[in-house]
Amino acid sequence: MSDMITASRERVADTSTPKSRRGLSWVRIVEIAVIVFAVAFALFPAIWIVSAAINPSGSMVSQSFIPQNVRSIDDLLANFRRLFNDPTIPFWRWVGNSLFISATTTILTVTMTALSAYSFSRFRFRGRRTLLVVTLLIQVFPNILAMVALYLLLLQVGRYIPLLSLNTHGGLILVYLGGAMGVNTWLMKGFFDSIPREIDESAMVDGATHWQAFIHLILPLVRPIIAVVSILAFVGTLNEFLLARIILSDRENWTLMVGLFNFVDAEFTNDWGVFAAGSLIAATPVVILYLSLQRYIVGGLTVGAVKG
Amino acid sequence: MSATAQARGSLEPLTSPKVTDLAIRLILIALADAFALLLAVSVIGDGNWFLGVTLIVTALGLSYVNLNPAMWPVRWMTPAFALVALLVIYPMFYTLYVAFTNYSDGHRFTKIEAINAMGDTLYLPEGEASYAWEVFRNEAGTYALWLTSAEDQSFFAIPDQALISVSGDVPGAYEGYTHLEGGERFRALSEIQEMQFGPSDNPVGIASRTQAGVFQKKWVFDEAQNALIDQETGTLYDADDTSGNFVAANGEIAPLGYWVAVGFNNFTRIFNSSVIGGPLVRVFAWTFGFAFFSVISAFSLGLLVAIILNRGFPGVRIIRSLILIPYAIPGMIGILIWRGMLNPNLGVITTNMQAIFGWAPNWQSDPGWAKVAILMVNLWLSFPYFMLICSGALQAIPATIYEAAEVDGANNWQKFWSLTMPLLLVAIGPLLIASFTYNFNNFLIIEALFRGGPPMIGTSAPPVGHTDNLISYTFRYAFSAGGTRDYGFASAIAIVIFLIVGLLTLLQFRFTKRLEEIGENV
């Protein structure tokens with residue numbers, strides 16, 4: 001690792017000059033080696049899982065990089081057929097559950113964080129700094145260890161509000177919302193800070209309320225960070241596994257992640273192909289979403305943070 | 001610009017709220033309060049006063065904020081903070097509370113609940129058996145007893161039904177039930193030995209091969225002596241309110257204990273117990289090491305790649321997208337793919353290493369290689385994220401700063417350490433902290449990759465693994481299927497983790513503030 005750091009030191013200074021015009025110096029060779037390594041490291045598992053998904057025999061022992069014994073397209077889809085037709089795997093139901101839970105959580109999270117971040121960014125009040133620190137600090141408490149408390153909470157509340165009881169999507173969403181504040185509020189606040197205050201101030205001189213300024217002027221300007229937080233919240237919820245596993249007990253209610261993890265408990269090396277097929281379907285849309293919205297993610301994550 | 005100067009700009013709303021707005025707000029607050037109060041009362045009725053009080057305090061806090069004009073900036077945060085109060089702060093305090101109790105398997109109930117639960121245990125007094133019995137069975141296989149008392153009164157007893165008064169000698173058949181005699185009676189004995197006949201609140205059972213009797217409650221609580229009496233043996237079990245057990249004079253403990261406050265016992269156990277102390281130190285070290293090396297390795301590789309790409313590289317956009325893929329793949333799926341690839345017998349990495357080098361580490365059972373594997377997988381998961389934010393932050397550093405530095409004669413080394421690194425850290429310092437605390441509490445990769453394994457030798461119930469970090473270790477204590485689940489002890493460790501990470505976060509926070517000041521001066 002120290003080699004890499006030393007190598008980087010010498011080059012960083014050039015960040016201001018976008019194009020390098022040197023020949024194939026040894027520095028360039030090291031650079032190319034690093035990038036080739038990084039790309040190979042990043043891609044190999046992804047490629048391997050695609051290969052596993054289309055391997056007709058479906059078990060780990062028979063997998064080769066290029067699938068063998070392929071006579072038709074149909075053979076390539078063998079694992080997918082098993083995934084869709086096995087009555088013990090309600091795959092599409094899991095997908096639906098995951099989408100519903102993630103979408104609901106995202107909409108509520110973004111609404112709440114945007115309101116809080118606007119307030120933190122624009123208003124000055126006693127205890128503001130303390131609240132900001134607290135927002136970050138509470139995030140530090142390991143959610144998993146509060147599991148006993150959260151479990152009993154849903155058990156209790158569920159007796160009177162069945163929509164939020166254990167083994168319901170409502171209960172899971174509620175628990176997710178509690179953990180969604182911290183970092184997201186900070187990210188949004190950083191971005192809000194970068195919007196000049198004169199914009200809302202001039203609107204209020206014209207008689208607008210804070211609410212009107214927020215809705216009509218600020219929200220359109222902070223779309224990038226809204227997009228970033230939405231994606232982070234959506235994907236974060238989609239990927240969450242532990243709370244979902246503890247709260248949702250019925251197979252029918254499971255999210256996709258809980259369902260996929262279930263393959264590991266059984267005979268993982270034999271179910272490898274079906275697991276790969278399910279993973280491919282689950283991961284592909286998320287990967288496409290990330291890559292196509294890359295610009296927003298990069299912009300939002302850094303601009304917000306840079307301005308502090 | 002100071003905070004007070006900023007405040008003057010926009011602190012007060014320029015228009016006062018309209019009457020209708022105020023009315024709507026009042027109605028909404030009243031409705032929310034009524035709902036919270038109703039829920040709180042019901043919850044307290046169930047004995048959960050802790051949650052009830054939380055609900056009431058939250059509702060009062062929200063009403064105060066929404067009715068006090070001075071608190072108007074905080075109103076924007078009310079929905080978020082209501083949820084935080086209920087789902088983050090309440091569980092925290094509840095965990096704190098549990099940490100000072102002996103809440104665990106065998107100590108889950110309050111004293112009264114425990115006494116009631118044990119009241120369901122029945123026994124058959126010996127020597128007092130008052131019936132001679134004959135067994136009957138119907139077509140459905142249900143057994144019934146023909147009971148004859150010493151006073152020659154006879155009853156027919158079917159499970160969960162009132163006794164039926166009958167008379168005369170034992171018949172060959174009765175109401176669809178057939179009398180079982182001789183060998184059949186003997187064979188039935190093993191099945192009906194544990195069964196209860198007649199009314200469920202006062203059942204009759206088989207006491208011996210010829211005698212049957214009425215079941216009695218085994219445990220009776222005597223308020224005056226504050227003790228539980230075993231009716232079968234007459235033993236007195238004194239209620240020990242410091243340990244939450246019913247203890248007999250000979251030291252024997254009744255099957256169910258109850259939930260009491262135990263002070264700092266759980267905390268002293270963390271640091272004292274020789275059994276627990278040994279592995280816990282290693283778990284601690286690994287937790288810090290794992291979090292530290294995860295952040296450092298991912299940040300270094302991410303920064304390196306970002307710098308190279310920023311300097312100009314053919315196909316930058318495509319390369320950046322390709323490197324982003326691990327970040328975009330759902331973490332759990334990524335970890336499980338690695339788990340498959342690292343499989344000690346069939347995994348692609350293992351088999352290929354064997355083919356090329358003739359040797360491959362056993363990733364799952366060698367403690368050192370298991371740690372290497374976890375760090376490698378975590379590097380794969382998180383370096384794209386650091387590449388992403390580093391390259392954004394690098395682009396945001398204005399070129400004029402470097403030009404100015406060059407005019408002043410700074411060399412590359414100085415420019416990197418005096419300009420790039422401080423500015424970079426200002427931008428992504430908070431994210432580095434967040435990443436450290438995230439990894440400090442990273443349960444997913446530990447659990448999903450190797451389940452904390454390989455197990456440390458000499459630890460049991462629950463077994464501790466070489467790659468267990470504090471959080472997974474604690475999780476095993478609270479939720480493991482084997483051994484007793486000790487929520488009190490697990491909660492105490494949770495509190496310790498929280499204190500450590502909270503302290504780190506505060507320290508880092510100071511550090512970030514200092515960096516911000518550096519950033520402003522540049």
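User: What makes Asn226(B) stand out in the hairpin of E11(B) and E12(B)?

Analyst: Asn226(B) takes a positive phi near 50 degrees there, in a hairpin with four residues between the strands. Strands are DSSP runs of E with at least two residues, helices are DSSP runs of H or I with at least four, and both are numbered from the N terminus. Please keep in mind that this is a predicted model, where local features need pLDDT of at least 70, side-chain atom pairs count only at pLDDT 80 or more, and totals for chains, interfaces and linings use all residues. Residues are numbered from 1 along each chain as its sequence is written, while chains are lettered from A and ligands numbered from 1 in the order in which they are written.

User: How do you know that E11(B) and E12(B) pair?

Analyst: Two strands pair if DSSP finds at least two bridges between them. E11(B) and E12(B) have four bridges, so they meet that cut-off. Their sense is antiparallel, and Val220(B) stands opposite Ile229(B) in E12(B).

User: Which strands are the edges of the open sheet in chain B, and why are they called that?

Analyst: The open sheet has four strands in the order E11-E12-E13-E14, with antiparallel pairing. Its edge strands are E11 (219-222) and E14 (245-248) of chain B, since each pairs on one side only. From one strand to the next the twist averages 35 degrees, an angle taken between lines fitted to C-alpha atoms (for helices over the stretch in contact) and running from 0 to 180 degrees between N-to-C directions.

User: What holds E13(B) to E12(B) and to E14(B)?

Analyst: Strand E12 (227-230) and strand E13 (236-240) of chain B share three antiparallel bridges, with Ala227(B) opposite Asp238(B). E13(B) is joined to E14(B) by four bridges, again antiparallel, and Ala239(B) has Phe246(B) as a bridge partner. The hairpin of E13(B) and E14(B) has four residues between the strands, with Gly244(B) in the turn at a positive phi of about 75 degrees.

User: How do you know that E3(B) pairs with E2(B) and with E4(B)?

Analyst: Count the bridges. Strand E2 (131-137) and strand E3 (143-149) of chain B run antiparallel and are joined by seven; one facing pair is Glu134(B) and Trp146(B). E3(B) and strand E4 (154-157) of chain B are joined by four, also antiparallel, with Leu145(B) opposite Ala157(B). In the turns, Gly141(B) takes a positive phi near 90 degrees between E2(B) and E3(B), and Asp152(B) has about 65 degrees between E3(B) and E4(B).

User: Why is H15(B) not called straight?

Analyst: The expected span of a helix is 1.5 Å times one less than its number of residues. With 29 residues, H15 (412-440) of chain B would span 42 Å if straight, yet its end C-alpha atoms span only 35 Å. A kink of about 60 degrees lies at Ile428(B), shortly before Pro430(B); the bend is the angle between axes fitted to the seven residues ending at a residue and the seven starting there.
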